[in-house]
Amino acid sequence: MTFLKELIVINRQSDVAVYLQITNLFITHIRHGRLRKGLQLPGSRELAELLGINRMTAVAAYQELEAQGWIEMLPRKGTFVKAMLPVLSPRTLAAAPISTAIPDVPGFTYEKKKIIPIPSSDFPPSGKLSFNDGFPDVREAPIDELTRCLRSLAGLAANRKYLMYGGAQGTLFLRQTLADFLCDTRGLSITADNILITKGAQMGIFIAASVIMNPTDEVIVAIPNYKSANMTFQQLGAILNYVPVDEAGIDTDAIEKLCMKKKIRLVYVIPHHHNPTTVTLSPGRRMHLLQLAARYKFAIIEDDYDYDFHYSSKPVMPMASHDSKGNVVYIGTLTKTFAPAVRLGFIVAPKEFIQVATYFRKIIDTQGDSLMENAIASLYKDGTISRHIKKSVKLYKERRDHFCEVLHRELGGQVSFNVPDGGMSVYTHFPYYDLKAVSHKALERGLIMKDGTTYDVGKQTFNAVRLGFASLNNKEQVQAVRILRDVVDSL
């Protein structure tokens, strides 16, 4: 409470009694939020010592504040700012300094327009169904196992060092464990030196792109594409070149034509379950893209966020597993394995690149959560994550099949879609309806869904949206689709 010495400044030359000066200053700061509701104030003796006044003066000020309804003095508990403040305006004190709230606009100049505005989102409200962008069902996450592991690790004296600074690249335990896992499941011949741990794939994209490119560099992305990746490249000053996506993934012939005309610095590709269309990049196009990267010396960011969740057949091996020239920066995430709030992802790349990327990561975020990283590594080691992935793939395949059947039955003539080979959403076209209107009316009926505009580029619109099915059980899927059916029937 030493800050009260700065807030309560007594004017010894004033004709106003000291206790009233203190009273009015307290009221001013309470009204302006500097002294929040429910705040415990120092006792009268401590207040007197802080302000250099007689204790009886402090008692008189508190009594006046209590009489006016600004504070309450509770026996054996203390003195508190009241939660319910009086409506009456406080008496003014001309000689006292006036406190002002923080203004909405800063008093200094800055380049506001250089930051691309990104629509903010909050946690989904309770009581509403949601067609999210394709997220796991957090109710299925092995949170109990994770919390037990965290508690166990935190209780070991040897692990107290992980509460200190260090490990910007990620803990060695997680990187070694992840290297083994990626080698066994994705054919990546790597060591811990080839891995940088990030807070999700989005941080991985930002770090990798920041290290690779300079402003005005030419970058190739798909259309439609993962919006956050596009915005990341644009924020870094890239010039985006759009290449179409079909049922075999991004068009590598179109990429080759662009490479003949321009100096391409970076190609961003989502090999499995492209966001938003959910298609998988074919093996032939993967090898073609690797050949182009070697010939034209550009980097590939391979965002394999959805590798583990493939249903119809085995997933295709990553391009990174075939890359002998060091052109691929491979990015993955554990968010889809656990829950979006568990912010853990990784970058896999040549050792030299990882070293530089680690320097950059340390600048923007000193390090990750070391205890969490080791807990996740432990769950990999004891098989918890592998079991959870196997269980989730089975569950989400069943939910995909059920969702597509319900969607076809209830809206078959009004929407079009393909059954995805994997992932957690169905890319759905609405050829006869304005998705903005559909989204708005769905929300009124208790269903949250996007309006599809995030995929649009310039004048090219798709009027399609990803309908996430994995986080909804069968009953919830039926309820959500029927709400959607009623909405389109009303238009």
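**Setting up.** I am working with a predicted model, where local features need pLDDT of at least 70, side-chain atom pairs count only at pLDDT 80 or more, and totals for chains, interfaces and linings use all residues. Residues are numbered from 1 along each chain as its sequence is written, and side-chain values use heavy atoms, leaving out hydrogens and water.

**The sheet.** I looked up the strands (DSSP runs of E, at least two residues, numbered from the N terminus). I found an open sheet of 3 strands in the order β1-β3-β2, with antiparallel pairing; two strands pair if DSSP finds at least two bridges between them. β1 (40–41) and β2 (71–74) are at the edges with a single partner strand each, so one side of each has no neighbour in the sheet. I then followed β2 and β3 (residues 78–81), which pair over 4 bridges. Opposite M73 I found T79 in β3.

**Two helices.** Next I checked helices (DSSP runs of H or I, at least four residues). Helix α9 (residues 252–261) packs against helix α10 (residues 283–296) at about 10°, with axes 10 Å apart. That makes the two roughly parallel, a label for angles under 35 degrees. Axes are lines fitted to C-alpha atoms over the stretch in contact, and angles run from 0 to 180 degrees between N-to-C directions.

**Cysteines.** How many disulfides does the structure hold? I found 0, counting pairs of cysteine sulfur atoms within 2.5 Å. C149 is buried, at 13% relative accessibility, while C183 is partly exposed at 37%. Buried means under 20% relative accessible area, exposed over 50%, and partly exposed in between (1.4 Å probe, protein chains only).

Definitions and conventions:
Parallel < 35°, antiparallel > 145°, perpendicular 65-115°, else oblique.
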